[in-house]
There are 2 protein chains.
Amino acid sequence: MSANRQVRLARRPVGRPDESTWSITTEPIPEPGDGEFTVRVEYLSLDPAMRGWLNDVRSYVPPVGIGEVMRAHAVGRVHASNNDRFPVGAAVSGLFGACEYAVSDGTDATVIDTDLAPGPTWLGALGFPGMTAYFGLTDVGRMKPGDTVLISGAAGAVGSIAGQIATLSGCRVIGIAGGPEKCAWLTDELGFDVAIDHRAGTIGRALHAVAPHGVDVYFDNVGGDILNSALAALRTHARVVLCGAISGYNATDPQPGPSRYLSLLVNRASMAGFIVFDYADRFPEAHAALSNWIRRGDLVAREQVETGGIEAFGRTLNMLFDGANTGKLVLRVAED
Amino acid sequence: MSANRQVRLARRPVGRPDESTWSITTEPIPEPGDGEFTVRVEYLSLDPAMRGWLNDVRSYVPPVGIGEVMRAHAVGRVHASNNDRFPVGAAVSGLFGACEYAVSDGTDATVIDTDLAPGPTWLGALGFPGMTAYFGLTDVGRMKPGDTVLISGAAGAVGSIAGQIATLSGCRVIGIAGGPEKCAWLTDELGFDVAIDHRAGTIGRALHAVAPHGVDVYFDNVGGDILNSALAALRTHARVVLCGAISGYNATDPQPGPSRYLSLLVNRASMAGFIVFDYADRFPEAHAALSNWIRRGDLVAREQVETGGIEAFGRTLNMLFDGANTGKLVLRVAED
């Protein structure tokens, strides 16, 4: 195989991305320049944040430009190298983009230890989702042993790790997920104390039943009605961690805000957003904690690996918005 | 005069309080028991928070009961006393209720120094509004010199003190108020850098013009559209201080939430509520700062003193919801 296929942004989506959003281009496999290496991408990370990167608005990173290769985290093997830190054959992770081969100068790239965990895990529990869960709970959420911690999107890449970190930290953990299978996974395999199926009824009533005294930390991945119900269930001095709001990412109408926000006032509570990249200087701390838990078997890292190669990128991304994944969603790109 | 008139809650208001909300009762002037004193109330404090106390919902204090004397902060003179800390003739402030005479055992009551400032100021800059401004900015808002601080309800009791504290602390201060007179007062007499008249046009546009790089602290007294515009104008790591939301207090329909709340996420910002009573152990610190500024002439304490006695209570309270006050709104009760 001597060609390199890439997923490029063809058109900014209005609402849900579709076939017209993406184009597949084919180019020669790029040669590394001085100090660079070429990576053969094996797995692509699919992240809800990607939807935000498609919008032409000011945010924490610039939008992906029309015609550009889609921004994506990935893991792969060094295919050719002019960089001693990334020798040929090394397993690496980085912001390589949605493509089969990428050139990197080593910025935002790391050699990974596939003896500790296989490649896909380095896009999940040992990648940015794991870091996001860790800093969101410990730093933004100021989680303490004994806290009641509520997590939405709990069967997703970030939520599933966040819930386990909370459990391992001595918290009572309530997860919200869609469907009985996900809920069973949370309680039976991940050690959540309770799981609420948001497809089964009113969240507010279910929450009141399982946490009549309210929650100390709410880790929000979904926004919308679930955020509003969680706000109504805050305890005094509660912390709401804004990690994402996937329920509204494809909306074309303006989305309503959380009408129960004054619960923050009467409960002396706070709601704060964060971006994991701001914690770069503390990544070693999170990595040490997460890899120790994995090594000891205390943390379940689950990935849902989709196949179909680079052409399946758009379809796989949309699975996130359908709640069609359990654990970290990745796309296998290399088909060897 | 040997009678004591009182304002009692006759009926919980739906929407804006009106004549049917209140009843005036007349009783003998109460005699103090052991360790108690009777205060003759001179000035009542009118506070937006009173509206919340009328609703039969769980909050940071229990609702005022039907038939109970309306909860109110007040200042007055000790009329009769069996308590050495509160001798006859002493000026006192406390949670005496909306009445002409009240009995107190000294809980929530303090002797005040009317040489430092007249009675009404002890319901404003030297009372809970001043404390609220102080802790909201310094503690909840973590205001730093050089910050751009935005304040809504800026010509009100809390906002007018908050803006001056921010100015005195080396911040650039933008106030939002209703009408040109209030705005002129903010900039000409209180030292605000800029005032925006929310009746004159779109807040978002005006904010962008005066703070193109956004605001570091937003101190919110009003909620609604102004909160939403402020959220859209946050800088990285900004802090939103939820002090009140007067724009919606009389609403009978569910009020929309702040649809721009995800600005907290992309800007790694936070929004937190607080209740000034939680800072009771630090009141001396705030009092020292506020009284020093007043003594030096650095802080303008303005009260709008309405007359008409206890019967004017309901009408005077509603002035808050019409924006009809500049500075702290108080009602003179004693007519001597």
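Two strands count as paired if DSSP finds at least two bridges between them; strands (E, at least two residues) and helices (H or I, at least four) are DSSP runs numbered from the N terminus. The model is predicted: local features need pLDDT of at least 70 and side-chain atom pairs count only at pLDDT 80 or more, while totals for chains, interfaces and linings use all residues. Residues are numbered from 1 along each chain as its sequence is written, chains are lettered from A and ligands numbered from 1 in the order written, and side-chain values use heavy atoms, with hydrogens and water left out.

**Strand pairing within chain A**
- Strand S9 (residues 172–177) of chain A runs parallel to strand S10 (residues 194–197) of chain A, and four bridges join them.
- In this pairing A:Ala177 stands opposite A:Asp197 of S10(A).
- Together with helix H4 (residues 180–188) of chain A, S9(A) and S10(A) form a right-handed β-α-β unit (with the strands pointing away from the viewer, the path from the first strand over the helix to the second runs clockwise).

**Interface of chain A and chain B**
- Contact (heavy atoms within 4.5 Å) involves 33 residues of chain A and 33 residues of chain B.
- The two chains bury about 2300 Å² between them, 61% of it on carbon and sulfur atoms; buried area is the accessible area (1.4 Å probe) lost on putting the two parts together, summed over both.
- A:Tyr261, A:Leu265 and A:Arg268 supply 27% of the area that chain A buries against chain B, more than any other three residues.
- Five residue pairs, both at pLDDT 80 or more, are in polar contact between the chains (N or O atoms within 3.5 Å, one able to donate a hydrogen and the other to accept it; residues adjacent in sequence count only if both atoms are side-chain atoms).
- The largest share of the side of chain A that touches chain B, four residues, comes from S13(A).
- S13(A) runs antiparallel to strand S13 (residues 270–273) of chain B, with three bridges, and A:Met271 stands opposite B:Met271.

**Salt bridges**
- Over all chains there are 24 salt bridges (a side-chain nitrogen of Lys or Arg within 4 Å of a carboxyl oxygen of Asp or Glu).
- Two salt bridges cross the interface of chain A and chain B; A:Arg268 meets B:Asp278 in a salt bridge at 2.6 Å, N to O.
- A:Arg239 and A:Asp147 form a salt bridge at 2.9 Å, N to O.
- A:Arg239 lies in strand S12 of chain A and A:Asp147 in the loop between helix H2 (128–140) and strand S8 (148–152) of chain A, so this pair ties together parts 92 residues apart in sequence.
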